[in-house]
Amino acid sequence: MKYYNGVYIIILACVLYFSTGADEAISDIPINDCKIENTAFVSGEKIVYKAYYNWQFVWIPAGEAVFHLVEKNDSYEVTVYGKTYKSYDPFFRVRDYFHSVIDKKTLYPKSFVRIVEEGNYRKFDSLSFNQNSRFAISFNGRTRETATRKYITVPACTHDLLSVLYSMRNINVNAYKEGEHIPTKILFDENIYPIKVRYEGKQKNFEIKDLGTFNTIKVIPDLVTGNVFKDGNKMQVWVTDDGNKLPLLIESPLSVGSAKAVLKSYSGLRYKVQGFEK
């Protein structure tokens, strides 16, 4: 993924990033086991992140990403808008849109749309999942008009880019020991990626500027090395240690510089955040 900045990192990796190797063996899981109970979020939740890019020890505000969730009869619909600030547009302009329809009973996706405008790069990506029959229909290309259709066989319990975030917020981390991995998998750009997220334990009195001090859980997703990330670099993520499992801070080294996403505001949460809010 050549086209990258702080805003895109928020959207791609609020809690996760892809682990190495799309061809890694993925164990087959009975479809009946692909169910996750939602205990973390409710309709109307809105969370906003501010992205920063670090260049020569200077943190530059780059843009924002807004996540909004609404509940329908049998699904949750998540919409994300990511864009750079006007002051950052001359360097690298971003206007990204993501939308996922997530089955309310299972927290696995029914459909997903991604429309990307990043610099001169354009991408249209639409997915329609049939989880029971284990396939997805993809329309992928530079634009909606030029997108080509592809039938993709998917393993059981496969997520899209947004559903994985909301399902992982419902993981009971108390069932894991420090250093253990939380596995899952995702369909992205017509490839299946296994994901490994390492649970790093809990940290109290973690401060987020302008919001307060929080009790947190720390996780480290594995990263793909290449154009964006250097070999051995690790993304670090802190989420609230409460029922919301709300991502607070994402720090990520890049091949050139580094980026971070910081929670700016939130509303409509299911629970009161456990911490010492300002």
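This report describes aromatic ring pairs, and charges over rings, in a predicted model.

## Basis of the values

Residues are numbered from 1 along each chain as its sequence is written, and side-chain values use heavy atoms, with hydrogens and water left out. Because the model is predicted, local features need pLDDT of at least 70 and side-chain atom pairs count only at pLDDT 80 or more, whereas totals for chains, interfaces and linings use all residues.

## Aromatic pairs

A pair of aromatic rings is described by the distance of the centres and the angle of the planes. Rings of Phe, Tyr and Trp (its six-membered ring) pair if their centres lie within 6.5 Å, with planes under 30 degrees apart called stacked, over 60 edge-to-face and the rest tilted; by this rule there are eight aromatic pairs.

One of them joins F41 and Y166, which are edge-to-face, with 5.3 Å from centre to centre and 90° between the planes. This pair links distant parts of the chain, since F41 is in the loop between α1 (6–12) and β1 (46–55) while Y166 is in helix α2 (residues 163–168), 125 residues apart; helices (H or I, at least four residues) and strands (E, at least two) are DSSP runs, numbered from the N terminus. Both F41 and Y166 are buried, that is, under 20% relative accessible area, where exposed means over 50% and partly exposed lies in between (1.4 Å probe, protein chains only).

The rings of F135 and Y151 are stacked, because their centres are 4.9 Å apart and their planes are at 20°. F135 counts as buried, at 18% relative accessibility.

## A lysine over two rings

A charge sits over a ring if NZ of Lys or CZ of Arg is within 6 Å of the ring centre and within 35 degrees of the ring normal. K260 lies over the face of Y52, at 5.4 Å from the ring centre, and K260 also lies over the face of W59, at 4.5 Å from the ring centre.
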